[in-house]
Every structure is written in structure tokens, then in C-alpha cells.
Amino acid sequence: MTYTTKIHDAETGEIIEREMTKDEIAQHEKERIEVANELKREADAEKLKEVAQAKLAALGLTTDDLKALGL
Amino acid sequence: MPTPTDLVTDLPADFEVFGQAVDTSMADLKGGTTGQILSKASNTDMDFTWIANDQGDITGVTAGTGISGGGTSGTVTITNSMATAIDAKGDLIAGTGADTFDRLASGTTGQILSVDTTTTTGLKWITPNPGDITAVNVTSPITGGGTSGDVTIGIQDASTTQKGSVQLSDSTSTTSSTLAATPTAVKAAYDLANTASTTATAAIPKSTVTTAGDLIVATGSSAVTRLGIGTNGQVLQSNGTTATWATPSSGAYTTLASGTLSGTTVTISSISGSYKELILLITNFRPGAANYPLYLQFNGDTGSNYGDTTATDATNISYGSARARMTAAQSATATNQQSITSIPNYANSTVWKFFTCDSIQNNNTTTTNYNYNRYAGFWNGTAAITSITMLTTQGFTAGNYELLGVK
């Protein structure tokens, strides 16, 4: 896979598109993993939230009820 | 001579008398010559005379036009007046009017007869001009000529390489190189040129502008002037009377960079620090794989120095990311997206840099399938922001960016 970066010089208007350096690719791969983990955590948290809401609903409660209790 | 009742007494004598009487009475019958005829000489009996046998019934000869003489008796003479008018060799008889004529004396040697209505006869002798031409020489565009006999001359056809005779044409559209324009064609061209001239006179001359960036500004009715380009960052302003370039005091937007999102990352570098705020517009962003958001990094900082949240509670800010989030996860196929990120005080070199971003995206197929997020975050960096990197971890397949500087 080819990784490229585009650099737009705001002062001169010059645009350079080139392949990423080895370090840049390594940074990019690192970020890929980090972002994947972040998104997974967010997805997991969303699932936990949905489960919690389901439990509340089973008890006949809503998130508004929790807010009313100051929770 | 005795009467019938007389008594004849002397017959011989009577016969003699009778004979003498007859002889006397018939005396005119004597004589004459051969061929003559007898003609009465008077009304008296027996009075005759011998005459030549040339008697006719002409009783008179009257001279007509051109004839003179004539008579009514005896031998008459008639004369041709035209003939008698001739006095010398070469004389001509010429009419001078109805039934009139006159003598025209001969001219001199070599003269020729010429008509001249001012003379009595309408004619006169003139000396002909024999000419002294010995050669007919020609030069272009005349052709032909010669030095003897009948000579012929002509005019050669004109072309772009030689002069000569040309065919006229009324056309104003022909491309011929041999036709010549008529006054009709010239007038048609003149009329068009006149109209064009009028139009050109009313037009703004191109020479009004002299330098790249020049503008043409009206100074009044049908009057213009050149307005040279302003300095970098200036904007066109109105003072209510005319337009001028001026440095905006505040609020003016300047596009610092714009383009398309492509490749793995896009970085806007060399950002001027002469603005109060940066506005980053992203439209129709599409990641290389489904459900990945768009992130920001400043000044190439990939350290864990970013914090952001979509909640209103500051305690929910997630700090320690290596990038600041701008959008929710975006479909790889949705094309309708926009986000506006404000980075105020970006050029300050002593404080952290905050940003807020409003982002909305839709899959273009349903009215309920959309995401709206408002992100707020900061960069734990005090340096002035001079570059912004936009990235997804999947690369870009589409999208547009525009960075604005706000005065």
C-alpha cells in the first residue's frame, strides 16, 4: 500500500504531494491502531449504555428519572 | 383664158394663155431637192415652198433645273449649267440646297474631301494628318503592340504579383486575391467599420489597465480610471463614492489555502500569524473505509497533547489523544458533509490553543440518517499554529478544504 501526504503551503500556494517517509508511515500505522482502539472503546461504551438503558427500562425507569434523582 | 360660154376664136392663143396661167399658178411646185417636202408658205392658194423633211410637233424647248437656253422656234440651244459651272480641272459640283449647286474648286495635291457644314457646299478640301507613329510600345499592365501593320494591345489580368485589369465584386466576404471591391462593397465595409469604431470609441480601452491585478473603476458617467491592486491582505472597500483598497480593520475573511482531500494526510503549512482566528471548512469528506472520523493535528505534533469532547461537561473531556477529533465517524460512501472549525487566538505563543467544530453529515438517502456533533477541544501547545494536518487513519477518497484567516 502506498501512503502519500499532501502539503499545501498557505504562503506560496505551492502544493506538494509525495510518498510518506518511513517514519511518517510508522506514525500513521501507530495512529491506525490507536484510532481503532478508540473507536472500539466508544462502541463498547455505547453498547454498555444501551444495556444499562435496557435494564432501566426493565425497572420502569428512564434516564430522566435518574437525572431527577441527581444521578 | 376664155370662159365656158365664150366663143373660141383663136384656140392656139387661148392655149398659150392657159399654159402661161398654169405655169404661173404652179410655179412654187418647181424646184426642191431630193427628200424635201412641200410646205405651205402662206395662206395664199398655191403658195408653197420646199423644206427639209425634219418637221416634228415640238413647239418649244424650256430649260429645266441645271439647264439653260431653249426656245419656241427654229433651232434652239440648251446648255447644262452644271457643266458650264466647271471652270478648271478637278472642279466638283456640290449641292448647296434643294435644286441648287455650286462649284467646289479642286484642292491641292494630297488633300482629301471632308465634310464641313459651315461651308456653302458642306464640303471642303483638307490636308490629312498622316501621323508619324512608327511603333506602338507597351509597358505592364498593357500587353501587345508592334512596329508594323495592325497591332493589338490589351491589359493583363491583375494579381497579387502583377498589376492589370481586375473583376469588380460587391462581396464583402470573398477571400479572392484577384477581385476588386466596388464602392458598394467598400461602403458595406465602411459602414461596419464605422459601427465598430463607434462601439470601440464607447468601449473601455484595454490600455486603461497596466499591471496585474488592476481594476477599472468608474469615476462618473461613462468615465473610468485604473485602480491598482492593493497590498497583500487588503480588501476592496467603498467610501460611498468610489472603491478603494484598504486594510480590513476586523471581520474580513481571507482564503489562505483551499483544495481537495486526497492521499493519506493533508497538511496546510506556512500559515500566516497575522490573523485573529483561523476558520477551517471541510465539505463532503469521505474516508477510505466506512465509519472513520476526521482528525486535526497542529504543527505536526503527534504527541498525546490533544483533548476533545462532544459533551457540555468539561469533566468529560478526553485528554491524551494524539489528535483532535473534528467529526463523527463518516460513511465511506456518503457525500454530504460539512464541518466548520474555529481556532481563535491561534497565533498566540503563550497559551494553549482551543478550537470548536460544528459538524453535520448525511448519507444523502434518508432524512433521518444523519449525525450532528459539536466538538470542542484544545491542543496542549503554546506555540503559534503554523500548520494544520487533516487525517483519517484510512486515507481520503474525497473531500474539500478551505482555510480562512479572520482579521
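Two strands count as paired if DSSP finds at least two bridges between them. Keep that rule handy, because strands are DSSP runs of E with at least two residues, helices are runs of H or I with at least four, and both are numbered from the N terminus. A case that meets the pairing rule is S21(B) with strand S24 (residues 324–325) of chain B: two bridges join them, and they run antiparallel.

What you're looking at is a predicted model, where local features need pLDDT of at least 70, side-chain atom pairs count only at pLDDT 80 or more, and totals for chains, interfaces and linings use all residues. Residues are numbered from 1 along each chain as its sequence is written, while chains are lettered from A and ligands numbered from 1 in the order in which they are written.

**Chain A**

- Chain A has two helices and two strands, and from the N terminus they come in the order β-β-α-α.

**Where the two chains meet**

- Here, 19 residues of chain A are in contact with 20 residues of chain B; contact means that the C-beta atoms, placed from the backbone, lie within 7 Å.
- On the chain A side, strand S1 (4–9), strand S2 (15–19) and helix H1 (22–58) each supply at least two residues, and the largest share, seven residues, comes from H1(A).
- That side has seven nonpolar, five polar and seven charged residues. In this scheme Ala, Val, Leu, Ile, Met, Phe, Trp, Tyr, Cys and Pro are nonpolar, Asp, Glu, Lys and Arg are charged, and the others, Gly among them, are polar.

**The largest nonpolar core**

- A nonpolar core is a set of buried Ala, Val, Leu, Ile, Met, Phe, Trp, Tyr and Cys residues joined through C-beta atoms within 7 Å.
- The largest one has 33 residues, and the members touching the most others are Leu296(B), Ile388(B), Met390(B), Tyr401(B) and Leu403(B).
- Elements giving two or more residues to this core include S19, strand S20 (277–287) and strand S28 (388–406) of chain B, with S28(B) giving the most, six residues.
- Setting aside neighbours within four places in sequence, the contacts of Tyr401(B) include Val266(B), Leu281(B) and Met390(B).

**Strand S21 of chain B**

- In S21(B), Tyr295(B) and Gln297(B) point one way, Leu296(B) and Phe298(B) point the other way, and all are buried.
- Tyr295(B) stands opposite Arg325(B) in S24(B).
- S21(B) also pairs with S28(B), in the antiparallel sense over four bridges, and there Leu296(B) has Met390(B) as its bridge partner.

- Strand S14 (residues 215–220) and strand S15 (residues 223–227) of chain B pair antiparallel over five bridges, with Val217(B) opposite Thr225(B).
- These strands form a hairpin with two residues between them, and Ser222(B) in the turn has a positive phi of about 60 degrees.
- Elsewhere, three strands of chain B make an open sheet in the order S3-S4-S5, with antiparallel pairing.
- Strand S3 (61–62) and strand S5 (78–80) of chain B are at the edges with a single partner strand each, so one side of each has no neighbour in the sheet.

Methods: Contact = placed C-beta atoms within 7 Å. Buried ≥ 20, exposed ≤ 12 C-beta atoms within 10 Å, placed from the backbone.
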